[in-house]
Amino acid sequence: MRREGFGASSTRFTGSAKLRDAGGDQLEPIAETAEPYVRELVRGVANVLGWDGSVYDHDASAFATCFYGALSKGREVPTAAAMARRELLQSQSQDPENGSHWHLARVYLGAEGGGPICSPGSDQREAPVAEPAFLDSRNKIKVAGPETFVGRRRMIQRAISTLRQGRQALLAHGIGNLGKSSLAARIAGRLTTFRTVVVVSPKPELGSANSQVIFAQLKETADKMADALPFGSTEAKSLKSQLAEMQTALDTSPETFEEILRSLLAGPFKKEPIFLVLDDFENSLETPTAQKPVVEPKPYLLADLQAVFRAFAQPDVTSRLMVTCRYDFSIPDAQGQDLTTPFVERLPLTPMNDRERMKQWQARERARISEQNETAQTQDIDNALVHRILAASGGNPGLQDVLTQPLLKGAASQAETALATVEAFLASGNTPPEGEDVGDFFTRMTFGVYEEVLDGTTRLALSVASAFSPGVPIPRAALSDAMAAAHIADPETPIDTLLALGLLDDHGQQAGWASMPKVQHIAINPLARPLAETPDTATEAAIAEAALPALTSAWQDSDGDFPFDMRAVETTVHALKAPVPNSAVLDAAATAAIIFLFILSQKPPAAVALAEPVFAKLTRLDHPPSAQFLGHSINAADQVAAVTFQDQLLDAALGRQDIEDGPMAQIKGLYADRLMRHGDLDGALHIRETEELPVYEALDDKRLIAITKGQIADILQTRGDLDAALHIRGTEELPVYEALDDKRSIAITKGQIADILQTRGDLDAALHIRQTEQLPVYEALGDKRSIAITKGKIADILQTRGDLDAALHIRKKEQLPVFEDLGNKREEAITKGKIADILLTRGDLDGALHILQTELLPVFEDLSDKREIGITKGKVANILQRRGDLDGALALHLSRLAAVEAMGDLDSIVHIKFSCAKIRLERSDHESSEFQTIVEELDEAFRGAMQLQRSDAIGAIGVLLAQILAAGGAKSLAHRVLDVTAQSFETLNYKQGLAHVDQLRELFGDHDDPDA
């Protein structure tokens, strides 16, 4: 049954409306100028795609990637746009800086628009082969090429903008293998009017940035400029002569290096500016120590580097400088002032988020396919192993490459071994030995340096940072307060030190909501976590209590709402750890966290795992949870079969007097769902009609009115009144949802109409609705549960038509994995029951019985779902019958009859009566006094099937009833039954059934019985 009142799209609860504004700058749309133009444009253009306002470049690019990808797979234009909007919204839940303008995408359709514009089955152009990319002209520094470079778009835009606005230098810094050189290459590629000059030492231990090495690269570039001039020209000869003189001067007087640099920058490099990249700059710096954590150049390189930074700092310089380095650093002048401070823009690199990790993997896989032959495309790669690798790599592109390379080459066992090594490091902190790719990677990461530089204070500071969840940057103020709670006297100093070393990642300025001020956010680098000692329980409690005010200040808005993302989860976790947290903060954060986990992330088990301790703590704090928290938690508990917790929540909610009428009516609706599972249809109907509808009508909430009427239709449908249910669906639900443009509810309602069509035997119409009006909507919404359920309905049709292989494939490959991942115990059990049906059809009685008794009944009994318990026992009885235990089968069917009659479950009553009659016939009871009982059971089943308009049941029961009636001498009545039976077979287009009816008509002969 639907429980949409507490869904993310509910109009009653307005918190979800803020999703569009979380963590981004709100930009005003310019619709009043764009709209008339677009309306005019669609008169001659089939499909117009645009934005209803200004948006970030990275949002537009991400939208385009998903949109055109969907189009290439044959999706209709509106569906592709909906999928892209959903992708942006989901990206926002991972990174608040992304996707904030998802709601501004617009599609306008002309007369010919709205359909697919690509044919996936047609011939495709060959993908270009991914060529190796290098930062330097000598092809020594290999970097990620355009095909494999992912992420960093905003950082590249910021860098380009900074340089174009007159800032002379960039410093990209961060822990090793984050892609600093690749970033420099991408920035260089965008600076098309600059000549890129890269300096890297052939002997890193000597330092790359010395005057001779730098000048050699600059001279080489200037020589090429001279060679490009007319041969023998005065200008060319002059430049060559100047370069020779500079070389002589540098060789004899190294102190002239700065003068030489200034001459080059003011001379040949003024009209044709250069982009000078000092790569792997850490080789030119001293090794950090605990006594001197602020890193400076090696003493013998200091003068040369002072010269470089002073030369580029001149205001009239048109060339630009970029440094890539593992550490932030300073270049002190003679007075001890840092030369980098005035003119260097720092670009702290952070690990890739989950989305970027997957994009990098997909880019590498595409590159592999383009480089290898066609057979590579069919290589079977273990997705579970891929996800483990992405998690273990911690967002480090270099480590992810090391771990995925064996997988891309087909060496899964080698990848598994390498992964196990990294996972062991993450668990223990013991770095792998050298000699293999993973060990060599950690050697390059120089973890030994970090071990030496961490003194007692910085090590404790790192430990405090590790108390916060991976992948969730927190406000600097929260981290500082947490360190103070751990007895660090001056927290800012170790924070600065750890940031400079790259052990803490600077995630920049972020805000909880667009309307709030942005503050610096920090997180411990995932690969630095093993270096930190896990705080004990008491310290964790102190950290949580100290950090909560700053977390709340940065993330909770003036309305008391937290963002629907991991920040709400993080706040909740620390509020649970704190001895006596602010109960209102815990309630608000937990509500947002449950919405994020349950609805946006579709992770009901995680939502329930968080909700249970929150509910317990709020109870101890004597704080009544909000209606939103209760409603969403009840729904999540229902999906994962947490029956006891669900009952606790319902009891707590229904006993409250302070909840407003609208939310309380929705909670009562959730209780009505529970009654339906228990088989109390009358109780559920009473709530719908007397305690929900009047409230929603008073509130004039058209959507909730329609939903409740749909739930009333569910009860009517269960009781066999299909006409009344269909009337509600078509006249009282669909028009409302269509007026609201509520695509999900439209799809759900059409699916329920398809259920009725399917029951009546109109399989083609039902299948059409499933495939064209439900699946595309759910796929566009990313609704995994609804997709799986709809595919299950399609499998039902295939199963009815006898295509058991296709049905079984859907059950095992497209339903079970989804329900298992979602933790949806009920749907998982129902799907296994459908698999048992297939096994039973194929004669595997033992396999079917095992599933029913060990994997279905315990779940439904835990859920107290009387209807499903009865259905499952009926299937068990069918197996007993096929095994010859007729008495046991009959007893089991009869034992469940009273319960289904009390529920008014006509479908189950029909099944039981028909099954009992067949067993009695098989026992030869018709030869004794039970003949009339058999006739009555078949007659009641037949009439019930006709009321349900179930063509399949009418046909099966009618054939048997007609034979019994004829055997008893009621041939005329038997012929009338056959007439109805034939109509059902015609509806099903079941030719074999029609032939059987003809044979029976011929066998029965004329209508000569007394009842004619």
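Visitor: Leaving aside neighbours within four places in sequence, which residues is F329 in contact with?

Guide: This is a predicted model, and the contacts can be read from its atoms. F329 touches L171, F281, L285, V295, F309, V323, D338, T340 and R346, once the neighbours within four places in sequence are left aside.

Visitor: Which residues touch the most other members of the largest nonpolar core?

Guide: F329 is one of them, together with I187, F309, L479 and L503. That core holds 169 residues. Helix 22 (residues 583–600) gives the largest share of this core, 14 residues. Another core, of 79 residues, lies apart from it, and its members include L704, A754, L763 and I830.

Visitor: How many helices and strands does the protein have, and what share of its residues counts as buried?

Guide: The secondary structure comes to 43 helices and 12 strands. Of the 1012 residues, 54% count as buried. Contacts can also be sorted by separation in sequence. Among those between residues at least 6 apart, 69% join residues at least 24 apart.

Visitor: Is S182 buried or exposed, and where is it found?

Guide: Burial is read from the relative accessible area, and the cut-off for buried is under 20%. S182 has a relative accessible area of 12%, so S182 is buried. S182 is found in helix 5 (residues 180–190). Not counting residues up to four places away in sequence, S182 touches V143, A144 and F149.

Visitor: What can be said of a whole helix, such as helix 13?

Guide: One can compare its reach with an expected value and then look at the burial of its residues. Helix 13 (residues 397–408) has 12 residues and reaches 15 Å from its first C-alpha to its last. That is close to the 16 Å expected at 1.5 Å a residue. Helix 13 is largely enclosed by the rest of the structure, because 10 of its 12 residues are buried. The buried residues are P397, G398, L399, Q400, V402, L403, T404, P406, L407 and L408.

Visitor: In what order do the three strands of the open sheet stand?

Guide: A sheet is read strand by strand, by asking which strand pairs with which. Here the order is 10-12-11, and the pairing is antiparallel. Strand 10 (474–475) and strand 11 (504–510) stand at the edges. Each of these has a single partner strand, so one side of each is left without a neighbour in the sheet. Strand 11 pairs with strand 12 (residues 519–524) over five bridges, in the antiparallel sense. In this pairing, L504 stands opposite I524 in strand 12.

Visitor: How many disulfides does a search of the whole structure find?

Guide: A disulfide is a covalent bond between the sulfur atoms of two cysteines. The search finds zero disulfides. Cysteines can still be read for burial. C325 is buried, with a relative accessible area of 0%, and C916 counts as buried at 1% relative accessibility.

Visitor: How many salt bridges are there?

Guide: The count comes to 61 salt bridges. E691 forms a salt bridge with K668, and their closest N and O atoms are 3.0 Å apart. E691 lies in helix 27 (residues 681–699) and K668 in helix 26 (residues 661–678), so the pair ties together parts that are 23 residues apart in sequence. E691 is partly exposed, with a relative accessible area of 28%, and K668 is partly exposed at 25%.

Visitor: Which residue forms a salt bridge with K709?

Guide: The partner is E732, with the closest N and O atoms 2.8 Å apart. K709 is in helix 28 (residues 702–718) and E732 in helix 29 (residues 722–740), and this pair links distant parts of the chain, 23 residues apart. K709 is partly exposed, with a relative accessible area of 23%. E732 counts as partly exposed at 27%.

Visitor: Are R826 and D865 buried or exposed?

Guide: R826 is buried, and D865 is buried as well. Their side chains meet in a salt bridge, 2.9 Å from N to O. R826 lies in helix 34 (residues 825–841) and D865 in the loop between helix 35 (845–863) and helix 36 (866–882), so the pair ties together parts that are 39 residues apart in sequence. Salt bridges that share partners join D638, R677, R826, D865 and E868 into one network.

Conventions: Residues are numbered from 1 along each chain as its sequence is written. This is a predicted model: local features need pLDDT of at least 70, side-chain atom pairs count only at pLDDT 80 or more; totals for chains, interfaces and linings use all residues. Side-chain values use heavy atoms; hydrogens and water are left out. A nonpolar core is a set of buried Ala, Val, Leu, Ile, Met, Phe, Trp, Tyr and Cys residues joined through side-chain atoms within 4.5 Å. Buried means under 20% relative accessible area, exposed over 50%, partly exposed in between (1.4 Å probe, protein chains only). Helices (H or I, at least four residues) and strands (E, at least two) are DSSP runs, numbered from the N terminus. Contact means heavy atoms within 4.5 Å. A disulfide is a pair of cysteine sulfur atoms within 2.5 Å. A salt bridge is a side-chain nitrogen of Lys or Arg within 4 Å of a carboxyl oxygen of Asp or Glu. Two strands pair if DSSP finds at least two bridges between them. The expected span of a helix is 1.5 Å times one less than its number of residues.
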